[in-house]
Amino acid sequence: MHNQYKKLFNFQFVSIKFTAIANQYYFPDIPMLRDRKVYKINTYFKNILPVDNNNTAVVGVNTNTSNPYTNTDSNYYLTLYINGMEKIKSLDMNLLNTIQAPKNNYSNTGSLFLQPTTIDFSKSYVQQSFNTTAMIPPLSFAFGIYYL
């Protein structure tokens, strides 16, 4: 019998767990994403996903949609390595959250759409700004990675 349903995407949930405060938090080794073409990355924040798949609390980012640079929680920046270089550097995750979550929206899941490209997650990281509020680890950053 012919299968009339075709899988449209592959999805991998990824969390960066940390137990101590640092300036940079690197992605773990993700064998499923090696040499895969990534076309979308979702970021999940504590107001939509309180804990990750390991029951670790997810960090919060600024939820003040009228002023994304007001520090109500913490500020984080995503850097992605593509072809051995920092092709996406210091993408403000607060701004990404603001773009995807207007004041009256029910979802605070931010999405970064890409031309399908291979990302070296072993060198990619989230950076914390120096003027953030205090956090108490363990905490995690949560992402949904869509790939071909």
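This report walks through the fold, the sheet and a few side-chain contacts of a predicted model.

## Ground rules

Numbering starts from 1 along each chain as its sequence is written, and side-chain values use heavy atoms, with hydrogens and water left out.

## The overall picture

The protein chain has 1 helix and 8 strands. Both kinds of element are DSSP runs numbered from the N terminus: H or I over at least four residues for helices, E over at least two for strands. Reading from the N terminus, you get β-β-β-β-β-α-β-β-β.

Of the 148 residues in the protein chain, 46% are buried. Buried here is under 20% relative accessible area, exposed is over 50%, and partly exposed is in between, using a 1.4 Å probe and protein chains only. The accessible surface of the protein chain comes to about 8,500 Å², and carbon and sulfur atoms own 54% of that; the areas come from the Shrake-Rupley method with a 1.4 Å probe, and for residues only the protein chains shown count as cover. As for contacts (heavy atoms within 4.5 Å), take those in the protein chain with a separation of 6 or more: 74% of them join residues 24 or more positions apart.

## The open sheet

In what order do the 4 strands of the open sheet sit? The order is S2-S7-S4-S5, and the pairing is antiparallel. Strands pair if DSSP finds at least two bridges between them. S2 (24-26) and S5 (85-92) stand at the edges with a single partner strand each, so one side of each has no neighbour in the sheet. From one strand to the next, the twist averages 20°; axes are lines fitted to C-alpha atoms, for helices over the stretch in contact, with angles from 0 to 180 degrees between N-to-C directions.

Going along the sheet, S2 and S7 (residues 119-128) run antiparallel and are joined by 3 bridges, with Tyr25 opposite Val126 in S7. Then 6 bridges join S4 to S7, also antiparallel, and there Thr79 faces Tyr125 in S7. S4 and S5 pair in the antiparallel sense over 5 bridges, with Leu80 opposite Ile88 in S5. S4 and S5 also make a hairpin with 2 residues between them, and Asn83 in the turn has a positive phi of about 55°. Strand S4 (residues 76-82) is mostly covered, with 6 of its 7 residues buried.

## Aromatic rings

Searching the whole structure turns up 10 aromatic pairs. Rings of Phe, Tyr and Trp (its six-membered ring) pair if their centres lie within 6.5 Å; planes under 30 degrees apart count as stacked, over 60 as edge-to-face and the rest as tilted. One of the pairs is Tyr25 with Phe141, which is tilted at 5.4 Å centre to centre and 50° between the planes. Tyr25 is in strand S2 and Phe141 in strand S8 (residues 139-147), 116 residues apart, so the pair links distant parts of the chain. Tyr25 is buried at 4% relative accessible area, and Phe141 is buried at 2%.

Which residues do ring pairs link into a cluster? They are Phe18, Tyr25, Tyr76 and Phe141. Phe18 belongs to strand S1 (residues 10-18) and is buried too, at 5% relative accessibility. Its C-alpha is 9.4 Å from that of Thr56, 38 residues away in sequence. Elsewhere, the charged end of Lys40 sits over the ring of Tyr146, 4.5 Å from its centre; the test wants NZ of Lys or CZ of Arg within 6 Å of the ring centre and within 35 degrees of the ring normal.

Gln127 lies in strand S7. Is Gln127 buried or exposed? At 17% relative accessibility, Gln127 counts as buried. Leaving aside residues up to four places away in sequence, Gln127 touches Asn23, Gln24, Asn75, Tyr76, Tyr77 and Ser90.

Asn75, one of those partners, lies in the loop between strand S3 (38-44) and S4. Asn75 and Gln128 are 53 residues apart in sequence but 6.2 Å apart in space, C-alpha to C-alpha.

Notes: This is a predicted model: local features need pLDDT of at least 70, side-chain atom pairs count only at pLDDT 80 or more; totals for chains, interfaces and linings use all residues.
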